[in-house]
Amino acid sequence: MPFFSKAVLFLAGATSVGIGAAVLIVPEAFFAYNGIVLHQDPSLLSEVRAPGSTLLVLGVFMLVGVFKSGLTTAARNIAAAVFLSYGFARILSVAVDGTPDEKLVIAAVFEIGIGLLCILPVPLRRKVEPSAAAALASR
């Protein structure tokens, strides 16, 4: 996989791990950054932490995909699905609920950008027959 594709997948994985861990471990502080106040309601906090753990686990899988070539395609597809679904859900929310805090609008742009970069085609290396490679090397 080309360096750029690995870098995008690494960025997607690191972002998912970081956000997932923050939402799972310190949801009040994470959401307060965007002007959202979470009350000490155990049900609400449970509903907030659950997607945090999902993001964390999927982010780890994305990072593994950077280093394990057999998992790279699946990791890229998962990264694209995660980031595009978050980004497009935010656009839907703008249409239904109105414009959120500016940081969340920036997050939507980032999410859609990363998601689109994850689905860009990876250039395929042209396979060269061993005899053709030997012929090219002898020239």
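Visitor: Which helix gives the largest share of the lining of the largest cavity?

Guide: Please note that this is a predicted model. As a general idea, rolling a probe the size of a water molecule over the atoms shows where empty space is left. In this structure, helix 1 gives the largest share of the lining of the largest cavity, with 3 residues.

Visitor: How many cavities of 30 Å³ or more does the search find?

Guide: The search of the whole structure finds 1 cavity of 30 Å³ or more. The space in the largest cavity comes to about 30 Å³.

Visitor: With which residues is C118 in contact, leaving aside its neighbours within four places in sequence?

Guide: With those neighbours left aside, C118 is in contact with V8, A12, R76, A79 and A80. C118 is also one of the residues lining the largest cavity.

Visitor: Let us turn to aromatic rings. How many aromatic pairs are counted?

Guide: The count comes to 2 aromatic pairs. One of them joins F30 and F31 edge-to-face, at 5.4 Å centre to centre and with 85° between the planes. F30 counts as partly exposed, because its relative accessibility is 25%.

Visitor: Why is the pair of F83 and F110 called edge-to-face?

Guide: To read such a pair, one looks at the angle between the ring planes, and over 60 degrees counts as edge-to-face. The planes of F83 and F110 stand at 75°, so this pair is edge-to-face, with ring centres 6.4 Å apart. Because F83 lies in helix 4 and F110 in helix 5, the pair ties together parts that are 27 residues apart in sequence.

Visitor: Is F83 buried or exposed, and what is the relative accessible area of F110?

Guide: F83 is buried, with a relative accessible area of 5%. F110, by contrast, is partly exposed, with a relative accessible area of 34%.

Visitor: Which residues does T15 contact, leaving aside its neighbours within four places in sequence?

Guide: With those neighbours left aside, T15 is in contact with F83 and F110. T15 is found in helix 1. The cut-off for buried is under 20% relative accessible area, so T15 counts as buried at 16% relative accessibility.

Visitor: Finally, where is L63 placed, and what separates its C-alpha atom from that of R76?

Guide: L63 is in helix 3. The C-alpha atoms of L63 and R76 are separated by 9.9 Å, and the two residues are 13 residues apart along the chain. Leaving aside its neighbours within four places in sequence, L63 is in contact with F10, G13, A14 and V17.

Terms used:
Residues are numbered from 1 along each chain as its sequence is written. This is a predicted model: local features need pLDDT of at least 70, side-chain atom pairs count only at pLDDT 80 or more; totals for chains, interfaces and linings use all residues. Side-chain values use heavy atoms; hydrogens and water are left out. On a 1 Å grid over the protein atoms alone, a cavity is a set of points where a 1.4 Å probe fits but cannot get out, and a pocket is an open set with protein on both sides within 12 Å along at least five of seven lines; lining residues have an atom within 4 Å of a point. Grid points are joined across faces, edges and corners, and a volume is the space filled by probe spheres set on the points. Helices (H or I, at least four residues) and strands (E, at least two) are DSSP runs, numbered from the N terminus. Contact means heavy atoms within 4.5 Å. Rings of Phe, Tyr and Trp (its six-membered ring) pair if their centres lie within 6.5 Å; planes under 30 degrees apart count as stacked, over 60 as edge-to-face and the rest as tilted. Buried means under 20% relative accessible area, exposed over 50%, partly exposed in between (1.4 Å probe, protein chains only).
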